[in-house]
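Please look over the protein shown here. The report starts with single residues and ends with the whole chain.

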Amino acid sequence: MESFKSEGNRIPILLISGLFAGDWIWGDVASYSSKTEYNIIRLREPLSAYGHKISELREMFIKFLNEFIEYKAIVIGNSLGGLLAMDLASSLPEKVAAIVVSGAPGMGSTNLGIGPPKIGSKERLKKWFVDLKEKLFVNQQCITDEQLALVAEFFSDKRNFLNMIRLAKEADRYDAKIILPKIKCPILLLWGDQDKVSPIEPWKSSIPLNPQIQLKVIENSGHSPMLEKPKAFWESVESFIKSVLAHHM
(Lines give C-alpha, C1' and ligand atoms only; values in the text may rest on other atoms or scores of the structure.)
Protein backbone atom coordinates (compact mmCIF):
# COMPACT_ATOMS: atom_id res chain seq x y z
CA MET A 1 0.00 0.00 0.00
CA GLU A 2 3.00 2.33 0.42
CA SER A 3 3.07 2.85 -3.36
CA PHE A 4 -0.45 4.33 -3.21
CA LYS A 5 -1.95 7.47 -1.70
CA SER A 6 -5.56 7.26 -0.50
CA GLU A 7 -8.00 9.96 0.63
CA GLY A 8 -11.74 9.87 1.21
CA ASN A 9 -14.35 7.19 1.79
CA ARG A 10 -16.89 4.94 0.09
CA ILE A 11 -16.58 4.30 -3.67
CA PRO A 12 -12.95 3.50 -4.57
CA ILE A 13 -11.54 5.32 -7.59
CA LEU A 14 -8.07 4.19 -8.67
CA LEU A 15 -6.16 6.82 -10.66
CA ILE A 16 -3.25 5.53 -12.77
CA SER A 17 -0.92 7.97 -14.51
CA GLY A 18 1.51 7.08 -17.29
CA LEU A 19 5.24 6.67 -17.79
CA PHE A 20 6.28 10.21 -16.92
CA ALA A 21 3.98 11.73 -14.28
CA GLY A 22 3.46 10.89 -10.64
CA ASP A 23 0.38 11.46 -8.53
CA TRP A 24 0.61 15.23 -9.07
CA ILE A 25 -1.05 14.87 -12.47
CA TRP A 26 -4.33 14.04 -10.65
CA GLY A 27 -4.10 16.75 -7.98
CA ASP A 28 -6.66 19.17 -9.41
CA VAL A 29 -9.06 16.38 -10.40
CA ALA A 30 -8.91 14.96 -6.87
CA SER A 31 -9.65 18.40 -5.42
CA TYR A 32 -13.01 18.48 -7.24
CA SER A 33 -14.14 15.10 -5.91
CA SER A 34 -16.23 14.63 -2.78
CA LYS A 35 -14.19 12.86 -0.09
CA THR A 36 -17.41 11.67 1.55
CA GLU A 37 -18.56 9.94 -1.65
CA TYR A 38 -15.30 8.71 -3.13
CA ASN A 39 -12.08 7.13 -1.96
CA ILE A 40 -9.49 8.61 -4.32
CA ILE A 41 -6.47 6.32 -4.67
CA ARG A 42 -3.39 7.51 -6.56
CA LEU A 43 -0.17 5.78 -7.48
CA ARG A 44 2.61 7.94 -6.04
CA GLU A 45 5.26 7.57 -8.76
CA PRO A 46 5.26 7.23 -12.56
CA LEU A 47 4.69 3.68 -13.79
CA SER A 48 8.36 3.51 -14.75
CA ALA A 49 9.20 3.22 -11.04
CA TYR A 50 7.49 -0.15 -10.67
CA GLY A 51 8.72 -2.40 -13.46
CA HIS A 52 9.89 -2.75 -17.04
CA LYS A 53 7.07 -4.95 -18.40
CA ILE A 54 3.31 -4.41 -18.60
CA SER A 55 2.82 -7.84 -17.03
CA GLU A 56 4.76 -6.70 -13.94
CA LEU A 57 2.58 -3.63 -13.57
CA ARG A 58 -0.57 -5.70 -14.09
CA GLU A 59 0.42 -8.05 -11.27
CA MET A 60 1.13 -5.12 -8.93
CA PHE A 61 -2.36 -3.69 -9.50
CA ILE A 62 -4.05 -7.09 -9.26
CA LYS A 63 -2.34 -7.63 -5.89
CA PHE A 64 -3.45 -4.19 -4.69
CA LEU A 65 -7.06 -4.63 -5.81
CA ASN A 66 -7.33 -8.09 -4.29
CA GLU A 67 -5.81 -7.05 -0.96
CA PHE A 68 -7.28 -3.58 -0.43
CA ILE A 69 -10.49 -3.25 -2.48
CA GLU A 70 -13.36 -5.13 -0.87
CA TYR A 71 -15.77 -5.05 -3.81
CA LYS A 72 -15.17 -3.14 -7.05
CA ALA A 73 -13.28 0.01 -8.06
CA ILE A 74 -13.64 2.56 -10.82
CA VAL A 75 -10.26 2.55 -12.60
CA ILE A 76 -9.17 5.71 -14.43
CA GLY A 77 -5.96 5.79 -16.44
CA ASN A 78 -4.03 8.24 -18.58
CA SER A 79 -1.65 7.16 -21.35
CA LEU A 80 -0.08 3.82 -20.33
CA GLY A 81 -2.31 3.98 -17.26
CA GLY A 82 -5.30 3.88 -19.60
CA LEU A 83 -3.94 0.77 -21.25
CA LEU A 84 -3.57 -0.82 -17.80
CA ALA A 85 -7.16 0.14 -16.93
CA MET A 86 -8.32 -1.85 -19.97
CA ASP A 87 -6.01 -4.72 -19.07
CA LEU A 88 -7.31 -4.88 -15.49
CA ALA A 89 -10.95 -4.73 -16.59
CA SER A 90 -10.30 -7.72 -18.84
CA SER A 91 -8.15 -9.78 -16.44
CA LEU A 92 -9.87 -8.96 -13.11
CA PRO A 93 -13.54 -8.19 -13.85
CA GLU A 94 -14.63 -9.08 -10.32
CA LYS A 95 -12.70 -6.07 -8.98
CA VAL A 96 -13.37 -3.48 -11.70
CA ALA A 97 -16.79 -1.83 -11.90
CA ALA A 98 -15.98 0.50 -14.80
CA ILE A 99 -13.03 2.17 -16.49
CA VAL A 100 -12.18 5.60 -17.83
CA VAL A 101 -9.45 5.60 -20.48
CA SER A 102 -7.70 8.78 -21.60
CA GLY A 103 -4.88 9.14 -24.13
CA ALA A 104 -4.03 5.44 -24.13
CA PRO A 105 -1.68 3.77 -26.61
CA GLY A 106 -2.83 0.71 -28.51
CA MET A 107 -3.95 2.02 -31.88
CA GLY A 108 -0.62 2.13 -33.66
CA SER A 109 2.61 4.04 -33.13
CA THR A 110 2.93 7.82 -33.39
CA ASN A 111 6.06 9.73 -34.40
CA LEU A 112 6.23 13.01 -32.49
CA GLY A 113 9.32 14.15 -34.33
CA ILE A 114 11.54 14.62 -31.27
CA GLY A 115 13.25 11.22 -31.18
CA PRO A 116 13.64 9.01 -28.11
CA PRO A 117 15.25 10.43 -24.96
CA LYS A 118 18.87 9.63 -24.18
CA ILE A 119 20.14 9.08 -20.69
CA GLY A 120 22.45 11.82 -19.51
CA SER A 121 22.51 14.85 -17.26
CA LYS A 122 19.37 16.19 -15.59
CA GLU A 123 19.60 19.32 -17.76
CA ARG A 124 19.76 17.24 -20.96
CA LEU A 125 16.75 15.22 -19.86
CA LYS A 126 14.86 18.35 -18.86
CA LYS A 127 15.46 19.79 -22.34
CA TRP A 128 13.95 16.64 -23.91
CA PHE A 129 10.93 16.86 -21.61
CA VAL A 130 10.48 20.53 -22.53
CA ASP A 131 10.31 19.44 -26.19
CA LEU A 132 7.86 16.69 -25.23
CA LYS A 133 5.70 19.16 -23.29
CA GLU A 134 5.11 21.11 -26.51
CA LYS A 135 3.67 17.94 -28.06
CA LEU A 136 1.62 16.87 -25.03
CA PHE A 137 -0.28 20.01 -24.08
CA VAL A 138 -2.32 22.71 -25.72
CA ASN A 139 -1.78 24.95 -22.68
CA GLN A 140 1.97 24.95 -22.05
CA GLN A 141 1.44 26.62 -18.67
CA CYS A 142 -0.39 23.63 -17.18
CA ILE A 143 2.91 22.04 -16.15
CA THR A 144 5.42 24.04 -14.12
CA ASP A 145 9.20 24.22 -14.31
CA GLU A 146 9.26 22.60 -10.87
CA GLN A 147 7.24 19.62 -12.14
CA LEU A 148 9.52 19.30 -15.18
CA ALA A 149 12.52 19.32 -12.86
CA LEU A 150 10.93 16.53 -10.79
CA VAL A 151 10.44 14.43 -13.94
CA ALA A 152 14.03 15.02 -15.06
CA GLU A 153 15.29 14.12 -11.57
CA PHE A 154 13.25 10.90 -11.58
CA PHE A 155 14.59 9.78 -14.97
CA SER A 156 18.18 10.63 -14.15
CA ASP A 157 18.02 7.30 -12.28
CA LYS A 158 19.19 4.69 -14.79
CA ARG A 159 16.70 2.02 -13.67
CA ASN A 160 13.71 4.36 -14.04
CA PHE A 161 15.00 5.52 -17.43
CA LEU A 162 15.46 2.00 -18.80
CA ASN A 163 12.07 0.91 -17.45
CA MET A 164 10.50 3.84 -19.29
CA ILE A 165 12.18 2.95 -22.58
CA ARG A 166 11.18 -0.72 -22.36
CA LEU A 167 7.59 0.01 -21.36
CA ALA A 168 7.22 2.59 -24.14
CA LYS A 169 8.38 0.06 -26.72
CA GLU A 170 5.99 -2.59 -25.39
CA ALA A 171 3.06 -0.14 -25.31
CA ASP A 172 3.82 0.82 -28.90
CA ARG A 173 3.22 -2.81 -29.93
CA TYR A 174 0.07 -3.27 -27.84
CA ASP A 175 -3.13 -3.83 -29.82
CA ALA A 176 -6.11 -2.41 -27.95
CA LYS A 177 -8.49 -3.74 -30.61
CA ILE A 178 -7.85 -7.24 -29.24
CA ILE A 179 -8.63 -6.45 -25.62
CA LEU A 180 -11.57 -4.03 -26.01
CA PRO A 181 -14.13 -6.72 -27.03
CA LYS A 182 -13.19 -8.76 -23.94
CA ILE A 183 -14.15 -6.05 -21.43
CA LYS A 184 -17.57 -6.56 -19.83
CA CYS A 185 -17.84 -3.40 -17.71
CA PRO A 186 -18.77 0.14 -18.85
CA ILE A 187 -15.97 2.01 -20.65
CA LEU A 188 -15.62 5.77 -21.01
CA LEU A 189 -13.08 6.97 -23.56
CA LEU A 190 -12.35 10.51 -22.34
CA TRP A 191 -10.03 12.18 -24.83
CA GLY A 192 -8.44 15.54 -25.46
CA ASP A 193 -9.48 16.73 -28.91
CA GLN A 194 -5.88 17.73 -29.73
CA ASP A 195 -4.04 14.66 -28.45
CA LYS A 196 -1.02 14.24 -30.75
CA VAL A 197 0.45 11.28 -28.85
CA SER A 198 -2.63 9.05 -29.04
CA PRO A 199 -4.92 10.69 -31.62
CA ILE A 200 -8.62 10.26 -31.08
CA GLU A 201 -9.64 9.17 -34.60
CA PRO A 202 -8.61 5.48 -34.34
CA TRP A 203 -10.41 5.27 -31.01
CA LYS A 204 -13.59 6.59 -32.57
CA SER A 205 -13.44 3.69 -35.01
CA SER A 206 -13.10 1.27 -32.06
CA ILE A 207 -16.56 2.04 -30.66
CA PRO A 208 -18.30 -0.82 -32.58
CA LEU A 209 -15.92 -3.30 -30.90
CA ASN A 210 -17.81 -3.12 -27.60
CA PRO A 211 -21.36 -1.91 -26.87
CA GLN A 212 -20.20 -0.74 -23.44
CA ILE A 213 -18.00 2.01 -24.92
CA GLN A 214 -18.93 5.67 -24.54
CA LEU A 215 -16.83 8.48 -26.03
CA LYS A 216 -16.48 11.97 -24.61
CA VAL A 217 -14.18 14.65 -26.04
CA ILE A 218 -12.69 17.51 -24.01
CA GLU A 219 -12.05 20.50 -26.20
CA ASN A 220 -8.81 22.51 -26.29
CA SER A 221 -6.93 19.74 -24.55
CA GLY A 222 -4.06 17.45 -25.47
CA HIS A 223 -2.76 14.15 -24.15
CA SER A 224 -3.62 14.69 -20.46
CA PRO A 225 -6.95 16.51 -20.10
CA MET A 226 -7.00 15.78 -16.36
CA LEU A 227 -4.11 18.25 -16.10
CA GLU A 228 -5.22 20.81 -18.70
CA LYS A 229 -8.97 20.74 -18.05
CA PRO A 230 -9.39 19.14 -14.62
CA LYS A 231 -12.87 20.50 -13.89
CA ALA A 232 -14.30 19.38 -17.24
CA PHE A 233 -12.51 16.05 -16.84
CA TRP A 234 -13.96 15.42 -13.38
CA GLU A 235 -17.46 16.48 -14.40
CA SER A 236 -17.37 13.93 -17.23
CA VAL A 237 -16.02 11.26 -14.91
CA GLU A 238 -18.57 11.89 -12.19
CA SER A 239 -21.48 11.87 -14.66
CA PHE A 240 -20.21 8.53 -15.96
CA ILE A 241 -19.81 7.11 -12.42
CA LYS A 242 -23.35 8.11 -11.46
CA SER A 243 -24.65 6.37 -14.58
CA VAL A 244 -22.66 3.25 -13.71
CA LEU A 245 -23.99 3.28 -10.14
CA ALA A 246 -27.56 3.68 -11.36
CA HIS A 247 -27.47 0.89 -13.94
CA HIS A 248 -24.67 -1.55 -13.11
CA MET A 249 -24.07 -1.65 -9.34
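Two residues are in contact when heavy atoms of theirs lie within 4.5 Å. The model is a predicted one.

**Two loop residues**

Start with S224. Leaving aside its neighbours within four places in sequence, S224 is in contact with I25, N78, L136 and F137. S224 sits in the loop between β7 (213-218) and α9 (225-228). Is S224 buried or exposed? Its relative accessible area is 4%. Buried means under 20%, so S224 counts as buried.

Now turn to K95. This residue belongs to the loop between α3 (80-91) and β5 (96-102). Its relative accessible area is 10%, so K95 is buried. Which residues does K95 touch, not counting those up to four places away in sequence? They are L65, N66, I69, E70, Y71, K72 and A73. There is also a C-alpha distance to note: K95 and I74 are 21 residues apart along the chain, and their C-alpha atoms are separated by 8.9 Å.

The table sets the two residues side by side.

| Residue | Loop | Relative accessible area |
|---|---|---|
| S224 | between β7 (213-218) and α9 (225-228) | 4% |
| K95 | between α3 (80-91) and β5 (96-102) | 10% |

**A helix pair**

Next come two helices. Helix α2 covers residues 54-68. The axes of α2 and α3 come within 10 Å and cross at roughly 60°.

Which residues make the contact? From α2 come I54, L57, R58, F61, I62 and L65. From α3 come L80, L83, L84, D87, L88 and S91. By type, the residues of this contact divide into 9 nonpolar, 1 polar and 2 charged.

**The whole protein**

Now step back. The protein has 10 helices and 7 strands. Its C-alpha atoms fill a box of roughly 50 × 40 × 30 Å, taken along the principal axes. How does the radius of gyration fit a compact globule? With 249 residues, such a globule would have a radius of gyration near 18 Å. The protein has 17 Å, which agrees.

Of the 249 residues, 52% count as buried. Consider contacts between residues at least 6 apart in sequence: 77% of them join residues at least 24 apart.

Key: Residues numbered from 1 in each chain as written. Predicted model: local features only at pLDDT ≥ 70, side-chain atom pairs only at ≥ 80, totals over all residues. Heavy atoms only, no water. Buried < 20%, exposed > 50% of the residue type's maximum accessible area, 1.4 Å probe, protein only. Axes fitted to C-alpha atoms, helices over the stretch in contact; angles between N-to-C directions. Nonpolar A, V, L, I, M, F, W, Y, C, P; charged D, E, K, R; others polar. Rg over C-alpha atoms; globule rule 2.2 N^0.38 Å.
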